[in-house]
Every structure is written in structure tokens, then in C-alpha cells.
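Here is a short briefing for a reader new to this structure. It is grouped by topic.

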Amino acid sequence: MKADLFIDNIEELVPVVGKGPLSGKGQSIPAVIKGGAVAISGDRIIAAGGRDSVLKKAEITDGTLVIDASGKTVIPGFVDPHTHLLYGGCRHWEFEERLKGTTYLEILKKGGGINDTVRATRNESDEKLLDGLMKRLRILLKLGTTSLEIKTGYGLSFQEELRLLKIIKRAKARSIQDVAITLLGAHALPPEYRDRRENYIQIMAGEMLDATRGFVDFVDVFQDVGAFTYEEARKILKRAAELGYGLKLHADELSSSRGAELAGELGAVSADHLTHPSEKGLELMKKSGTVAVLLPGTTFFLGSGQYAPARKFIDMGIPVALATDHNPGTCPIYSMAEIIGLSVRFLGLTPYEALVASTLNAAHAIKMGEKIGSIEPGKQADLLILDAHSYVHIPYEFGRNLVETVIKRGKIVWSTDYPA
Ligand code: NIG
Ligand code: FE
């Protein structure tokens with residue numbers, strides 16, 4: 001088959017191949033190719049592997065664009081499966097407050113935190129919110145994030161959550177990245193409902209889910225102290241499952257609050273945060289094949305020191321993914337490479353486990369694993385050329401953006417030679 005794009009002489013090619021999400025040894029044992037190549041036709045990968053084997057399957061013609069990747073590493077595009085990317089305002093004042101010792105929960109209880117961003121978001125026009133979101137998507141692209149999930153959660157009323165969903169939908173239509181959309185109407189109890197919690201749950205489990213069918217991929221709930229209880233989350237998520245939504249859960253972030261349990265029980269696609277999961281929760285997650293999405297940037301930024309027990313997940317054979325959790329309160333980090341850096345230092349993941357967690361497993365955490373997340377024939381050609389001779393440089397050169405070229409659907413969409 002004729003190649004439109006041929007990436008040649010790759011010093012280290014890391015294809016991250018796997019059927020389904022990788023777990024246990026599958027996630028741990030590195031598989032890298034020295035002296036590799038990748039051939040692309042249209043938006044698809046036609047061959048990837050050792051240079052000679054790729055040349056047998058792909059034909060190079062005068063029309064083929066050949067990129068010499070000597071001294072470079074090629075990996076799948078990063079997938080960020082947990083972001084709160086759409087919001088107005090910022091919370092640097094809260095950051096300063098927390099640096100002085102006030103806790104996240106204390107700020108949340110005083111009406112700050114999430115509710116502060118809700119006020120700022122409600123006060124911003126659709127156009128301004130869309131511009132802000134598009135800007136963030138461009139920042140992510142240059143950092144190598146070629147697909148991601150975006151949650152609502154700063155509208156917190158039927159109308160406002162719907163408005164945010166429509167803005168995400170418009171951004172998705174314009175963005176270069178593949179986007180999964182998550183409804184997080186149950187992110188915090190809005191102050192208007194302080195004395196009628198059940199009413200809010202009723203709306204979120206009822207008319208909200210009815211109205212968003214068809215263009216929302218996932219429904220998520222923040223189940224924790226200061227947010228929603230096990231029973232409340234269960235009510236919303238059970239109905240969401242009945243209507244055919246994929247399920248996600250902010251689980252056991254601030255306390256052990258039966259989040260992993262509920263995720264496993266309902267067969268959620270992912271359970272996220274998991275800094276305090278119960279044994280029972282882990283068993284149930286393992287049984288249901290739920291992906292553990294870990295967010296070390298949040299623990300780092302909150303300064304709590306409570307990192308998720310990542311090694312336990314790997315030992316139990318639960319697939320581990322990583323995400324930024326980008327949001328204006330607990331983690332304003334954009335870079336998946338930085339998350340990989342934090343994960344090897346604080347979660348105890350190896351660089352290879354962390355790479356799998358940021359590509360193939362992250363793709364499975366947003367049900368895109370059949371299409372993206374690895375470099376193998378038939379898959380969409382989403383990949384990164386890194387200015388490094390090994391993927392280990394991602395956490396090693398912590399803080400430097402190694403991404404030299406971003407290829408999305410077979411096209412160069414950003415490169416240090418030709419910035420878009
Ligand atoms: O994932 N935990 C809940 N949601 C976010 C925080 C959002 C915020 O503080 O604005 C999180 O950490
Ligand atoms: Fe989050």
C-alpha cells in the first residue's frame with residue numbers, strides 16, 4: 001500500500017500495543033523497537049515496527065512525505081481522560097490561601113472552591129467561554145495531547161449545564177483533538193439547593209439525563225465528603241446506565257467514601273482519583289474491568305501527600321490510566337508529560353507503566369481504545385515525535401516539552417519547525 005507519510009530511522013519506537021487496556025505485567029513489561037519506522041496512508045497507520053518489515057508492507061512513492069526521525073522517539077499521542085477544561089475565571093487567590101494552610105475542604109465549605117468557579121462561569125458569555133476553551137485545547141495540542149475528555153460541572157443547574165455542554169460540543173467540532181464529553185452536573189451542590197438536596201439529585205437523575213441523551217458520552221458524579229453521598233451518586237448513575245450513558249466517578253478522592261465500590265458495582269468505565277479506595281472497592285473494580293484513572297497532579301497541587309496506591313492496582317491486575325484533572329482549583333496542570341513525571345516519583349509507576357497509562361489505557365478510559373492510543377496497523381495515525389532518544393526522557397527531563405512534531409489523523413498539526 002502507498003504511504004502518504006513515512007517516519008523513518010526512529011531511534012526508539014514505543015507502539016504500546018494491546019488488546020483492551022493493559023494491566024499487570026502487560027502494563028509493566030516494556031516493548032520498544034530500536035531502528036523503527038511508521039507508514040501512514042490517509043488518516044490510518046498501515047505499518048509500524050522494524051524498518052525492514054515496514055518497508056515490505058508500505059510503498060514509498062514520489063508523493064510520500066518522509067520524516068527522518070534519527071535520534072528521536074516516537075510514541076502514541078497522549079490521551080487525557082479526565083479534564084474540567086471549561087471554566088471562567090481562575091482561583092489563584094485560593095491557591096495562596098491553601099499555601100498558608102487553609103484546606104481545600106474548608107474553602108469548599110465556606111462557599112469558595114468549585115462554587116467560586118461556578119459564579120465566574122455563569123457570568124461569562126458563550127463566546128468568551130468558547131474562546132477560553134479553544135485556547136486551552138491549543139495549549140494541550142502543543143504538549144502532545146491528541147485526544148481528551150472534557151467535563152461540565154461549573155454550571156450546576158439544568159440550564160447552565162446544558163449551556164456548557166453546547167459550548168463543549170462547539171469546541172469539539174472545531175478542535176483538532178478527538179473529544180469525549182462528560183456531564184458532571186453533580187460536581188457540587190449549588191448554594192440555591194442547600195436546603196433541598198433531593199430536588200437537585202432529582203433533576204440531575206431525571207430531566208438533565210433525558211435532555212442530554214445522544215450527545216453526551218459519559219455521566220460523572222463527585223462522590224465524597226462535601227460533595228455527594230454513595231446513595232445520591234448511585235441514584236444518578238443507575239439511571240444514566242439505564243439510558244445507555246457510560247459511567248465515570250470521582251471516587252475516594254478526599255476520603256474513603258465507597259466510590260471504588262460503586263464504580264465496580266455499576267460497571268463504570270473508569271473510577272478516578274482513588275486516593276483512598278477500600279479493599280472491597282478494588283475487588284469490585286477488578287471484576288468489572290473498570291479502569292483506574294489516577295491524578296497525581298491533584299495530590300501534588302493540593303499538597304496532601306496522599307497519593308493513590310498505584311502499585312496495588314498494578315499488582316491486582318487493574319488497568320491504570322493517568323490524567324491531568326486540569327481544573328482551576330485542584331490542578332491547573334496541562335501537560336501529560338508532567339503528570340508522567342509526577343507519577344514515577346510519587347505513585348511509584350515505572351516510566352513504561354506511566355506511558356501505557358497516558359496512551360492506550362487512557363484511551364480505554366474514554367472508550368476510544370479501539371481507535372486510538374497505540375501505534376498499530378488500522379488505528380488512527382495519532383503520534384508524537386519527541387526530541388529524545390528514549391521515552392524515559394519524558395519523566396527524566398521533567399518540565400521540558402519534548403514534543404517536536406504532533407501528527408493527528410495522519411497530518412502534521414504542530415511542529416517546532418512549522419508551528420501552526
Ligand atoms: O477533580 N474533585 C472534584 N473536582 C475537581 C476539582 C474541581 C475544583 O476544585 O474546581 C477535581 O479535583
Ligand atoms: Fe476531576
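**Briefing**

Thr 324 sits in the loop between strand 13 (320-322) and helix 15 (336-347); helices (H or I, at least four residues) and strands (E, at least two) are DSSP runs numbered from the N terminus. The model is predicted: local features need pLDDT of at least 70, side-chain atom pairs count only at pLDDT 80 or more, and totals for chains, interfaces and linings use all residues. Residues are numbered from 1 along each chain as its sequence is written, chains are lettered from A and ligands numbered from 1 in the order in which they are written, and side-chain values use heavy atoms, without hydrogens and water.

**Thr 324**
- Thr 324 counts as buried because its relative accessibility is 0% (buried: under 20% relative accessible area; exposed: over 50%; partly exposed: in between; 1.4 Å probe, protein chains only).
- Beyond its neighbours within four places in sequence, Thr 324 is in contact with residues including Asp 80, His 82 and Tyr 334 (contact: heavy atoms within 4.5 Å).

- His 84, in the loop between strand 6 (78-80) and helix 3 (92-99), and Asp 325, in the loop between strand 13 and helix 15, are 241 residues apart.
- His 84 is buried, at 2% relative accessibility.
- Asp 325 is buried, with a relative accessible area of 2%.

**Helix 2**
- Leu 55 belongs to helix 2 (residues 51-57).
- Leu 55 is partly exposed, at 33% relative accessibility.
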